[in-house]
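Where is empty space left within and around a protein assembly, and which residues line it? Rolling a probe the size of a water molecule over the atoms shows where such space is left.

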Amino acid sequence: MTAVAGHLISRNPRKITRMEQFFFWSLAVGLMAAATAVVTLRNPVTNAVCLVVALVFQAALFVTLEATFLAAVQVIVYAGAVMVLFLFVIMLMDVKAEARRPVPWPKAAAVLVGAVAVVAGVPKLVAAFPAAREPLRWSAQSTPFGAKELGSLLFTSYAPLFLATGVLLLVATIGVVVLCRRDPGS
Amino acid sequence: MIAYAPYLILLLPLFSAVAIRLFLHPFPRIAVPVSVGACLGSFLGSLMLLNAGTPAGGMAAPAVPWIELGGLKANFGLVADPLARLMATLVTGVALLVHIYSLGYMAKDAGRSRFFAELSLFVFSMLGIVFADNLITMFIFWELVGLSSYLLIGFWHQRPAAGAAANKAFLVNRIGDFGFILGILGAWSLFGTISFADLPSRAASGAPFWAATAVGLGLLCGCLGKSAQLPLHVWLPDSMEGPTPVSSLLHAATMVVAGVYMLIRVLPILELSTVTMSTIAWIGAVMTLLPALIACQQNDIKRILAYSTLSEIAYMVLAVGLGVPGPGMYHLVTHAFFKCLLFLAAGSAIHGCHEEQDIWRMGGLRKRMPFTFLVTWVGTLALAAIPPVSGFWSKDAIFAATYDRPGLAACSMLAGFFTSFFMLRMILVAFGGKPRTESAKHAHEGPPVMVVPMLILAVLSVFGGIFPVAEFLGMKPDHPHHAWTLWLSLMLAVAGFVPAYFLYQDAIKDPLHVPILQAKFYVDEIYQRGLVTMQDGLGRLADAFEGWVVRGFLVRGSGVVARAAGQGLRLVQCGQVQLYAAVFILGALGMIGWLLWKAAP
Amino acid sequence: MILGEITLGHYLALSGLLFLVGLAGVLLRRSLLIVMMSLELLLNAANLALVAAARFKGIPDPQVAVFFVITVAAAEVAVGLAILVAIFRLKKTTSAEDFSALKF
């Protein structure tokens, strides 16, 4: 993408800005649409598929932010493994579609308050930190953080966390096995 | 040796009482003489003391140190000044005569060991009051006398009336004692001493008027209870439930006058306040008249004499209130003689009529019991203050002191009129006319043991006025003698006989009917109603308090509060994860928002 | 301003909106499966914010954080679905309203 972008940059400086904008907005809209679909649709399979789509859009957004390695990880792990797991479980449980029902007021209230908070808060945050107004510029010289940089950080500064995460995964595995065991004799 | 005489006189009856109670109870033949002997010993001792003059070591017997609290000192000591010696002789003498009389009166009673033990206890207690040298010691014996009275009034304890009367006596006394103790404590704090020897000098140095009044009135309460004056007089008529010797000894001659004795002892304090003195004088005056009126309509021979006792004690109280203790003591002495005589005679009449006490069920006794009839007449003359009998001199001395207080004079002289009236009524109905019942027809005189004491008392009633009591005590009153008091009182006294003669000569039933007098001015009923109301009120108040405050508010209330809090709080636990999450989000957003607002408004 | 240059603010706003959508899903849906999916959206919103921060600040550390978030999310999904399966076996339903045994 950077190479393509780099090529386009050198060709058309005025359009470059619009390129970042174009990609951002299209991906953003797509992401929001998919996310909304996940939350609103009734059929769980449809929801899962929409979630996959949302995750892919998310990965694309990572790329616009020059986090290529993470984009790859997102697709492989999140969309590839986690969502597959979801779909397996959906199939296993043979979940039916949900019926419509009215929403209790505390829940709606929470969501509304959250909406207000976000809509009111983000501009404030942005106004508070001047650094937030720095524009996004792709350039040929920028080097995204790759596996090398991340790996060196992981294994040095954040090594304990890394190890802990390993333990966490182990525990999760064991937990899942235990939870899914049927009672002996039943 | 003479210095220890008071202790010996005092303790002899105590030994008798203890010995009888502990060892000799099953042997009346031994117990009774022991008791009589103890009384005799005390009497002889008192006589010796009376004649001994001032002992070498002063008036007081050596004292035993007892309480010492900071500035307050109280010893347990006895004093043998002329007043105490006179009183001791009187008490033991009359007690001895009553002991001898009881030999005959109680001869057939199964509990006579107990009776004589209690009599000895009483003599001991009374002598304690007499010899006490300070208020605390006197108070101890005061209570002991109350105990003896309780035991003796309720002697025939199988009779519910006797038990009730004993309770009443004790309780009413207790009320008076409450005031008494307050007075003692007040005196102690005001004058720094409660010793009778030190009181005159301390009191003379003066005290704040109202403090002295309060103390005086407190001490007066003790007298009102013990001597049965207004408003605590209600127990004395009921005390007639006891055996007649008890009535004569305790409730005529000795115990009831202990109040007067005490007032004379603390007279220096009382004289500090004119309010106190006026109160005492007026209570005395009113109490001479009221019981005299009541007695005019009573039918129980002992009750009549009880009310007359109330009246006579009131004369003594009046004397104290007028500031003339000499005549008061004089009357105390003569009254002891003739009242005791009258009670013994009444006892003789009751005994002769086989335990009949209603005068309307007697009659014609003058023929069947002439001696009793005669001595009753002697006593009546003394009581009514007809010269030249002893009672006349003493009562006249008191009348003389009222010369400048017309209200008091009027009350007391009018009382004399009614006294004559009801006494003649009693004589005419009980002894005159024809026998009205079977038992009256077969009445007979008592044995010599009953006759001789009455004889002695009769003689004393007649001639006892010769003994110069007031001079002996050094309490001769120094006010001028006005002849009109003498003549007016005498005229009224004699005049009282006249209507009684016309109304009751040969009467079969009472021609007069005055309900308010028959009901004793409804005092008992008022007290009863008042007590019941008060207790009821208190009970209701306590119940309401317990019901509302304790049970309702505290117990149930705390339960309700806890439950309500629980009910309120448990609504939060809905079990719905999403609801928990919603609340959580709200809280978190709120906190973040607040933090941001604080940082950058 | 919004339609001008893309800035960190844009990404943060997007992250916020995504979070909101995920929140709505978590709170308002009754099927527990959908709730878990919405949970993933929440996590993704956080990831987006982190990565944006990394880019605009020029430091790699937020990306390490994203790495951890993804890992933990995977583990969490696994365990969560296991629990869901176990509950489903018991109650034969996945509606959130039916799981209110822990109430007063």
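This briefing covers cavities and then pockets.

The model is predicted, so that local features need pLDDT of at least 70 and side-chain atom pairs count only at pLDDT 80 or more, while totals for chains, interfaces and linings use all residues. Residues are numbered from 1 along each chain as its sequence is written, chains are lettered from A and ligands numbered from 1 in the order in which they are written, and side-chain values use heavy atoms, with hydrogens and water left out.

**Cavities**
- On a 1 Å grid over the protein atoms alone, a cavity is a set of points where a 1.4 Å probe fits but cannot get out, and lining residues have an atom within 4 Å of a point.
- Residues lining the largest cavity include B:F392, B:K395, B:M413 and B:L490.
- The second largest cavity, of about 70 Å³, has B:H233, B:Y307 and B:D524 among its lining residues.

**Pockets**
- A pocket is an open set with protein on both sides within 12 Å along at least five of seven lines.
- The largest pocket has a volume of about 720 Å³, and of its 27 lining residues the closest to its centre are A:A117, A:V118, A:G121, B:L589 and B:I592.
- The second largest pocket has a volume of about 600 Å³, and of its 24 lining residues the closest to its centre are B:V577, C:L32, C:L84, C:I87 and C:F99.

Key
Grid points are joined across faces, edges and corners, and a volume is the space filled by probe spheres set on the points.
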